[in-house]
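Reader: Could you take a close look at the salt bridges here and walk me through them, partners and surroundings included?

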Amino acid sequence: MNFFQVIYTKILNEAKLEGFDEIVASNPYIAKGIRLCRAIEDIGGPNSEALIVGGAVRDMVLRRPINDVDIGTNVDLAKIEKHFKSDNIGKSKDFGIINVHFEDEQFEVAHFRQESEYTNSRHPDKVELVKTFKGDSERRDFTWNAMGLNADGQIVDYHNGLEDLKAGI
């Protein structure tokens with residue numbers, strides 16, 4: 001991707017969440033999730049990415065209460081486990097997911113991934129780790145579930161989830 005394509009993609013697919021600062025200030029759980037995203041990016045170094053993903057982003061856009069914050073990242077989970085207390089719930093780590101304890105809260109942290117077929121309708125037959133949220137977002141079930149939010153309040157939306165929310169889809 002050349003420089004102009006990167007800039008065009010950023011302009012089209014990222015927008016600051018309206019009221020982001022107020023949402024963070026009024027919700028300690030979201031604030032902790034944002035701080036965890038920054039900490040994960042610090043651990044990963046240059047080109048690392050950590051985003052709040054899925055339903056929490058949808059709920060922030062719709063100004064709904066947020067009870068669950070999941071984080072997606074391209075940082076190796078083993079690196080994250082070295083810095084934070086974490087749990088492997090069931091066989092979640094096999095699917096690129098760990099439960100991280102951070103500031104007296106727990107967050108599900110998943111490596112960006114793509115998945116194959118689901119023969120048991122709950123767990124994918126195969127998981128392949130990917131380096132970008134764009135690659136991860138392609139596997140998600142709904143356009144608004146494929147949105148991410150970075151620690152600066154930018155919504156990353158490759159599949160027009162914001163438009164679908166506005167349209168009530």
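Author: Arg35 comes out as partly exposed, at 38% relative accessibility (buried is under 20% relative accessible area, exposed is over 50%, partly exposed is in between, with a 1.4 Å probe and protein chains only). Its side chain meets that of Glu103 in a salt bridge, 2.7 Å from N to O; the term stands for a side-chain nitrogen of Lys or Arg within 4 Å of a carboxyl oxygen of Asp or Glu. Glu103 sits in the loop between strand 5 (97–102) and strand 6, and Arg35 in helix 3, so this pair ties together parts 68 residues apart in sequence. Helices (H or I, at least four residues) and strands (E, at least two) are DSSP runs, numbered from the N terminus. Glu103 is partly exposed too, with a relative accessible area of 34%.

A quick word on the source: this is a predicted model, where local features need pLDDT of at least 70 and side-chain atom pairs count only at pLDDT 80 or more, while totals for chains, interfaces and linings use all residues. Residues are numbered from 1 along each chain as its sequence is written, and side-chain values use heavy atoms, leaving out hydrogens and water.

Helix 3 (residues 28–44) also holds Lys32, and strand 6 (residues 105–111) holds Glu105. Those two form a salt bridge, with the closest N and O atoms 3.7 Å apart. Lys32 is buried at 17%, whereas Glu105 is partly exposed at 28%.

Elsewhere, Asp59 and Arg64 pair up at 3.8 Å, N to O. Asp59 is buried at 11%, while Arg64 is partly exposed at 45%. Arg58 joins these two in a network of salt bridges.
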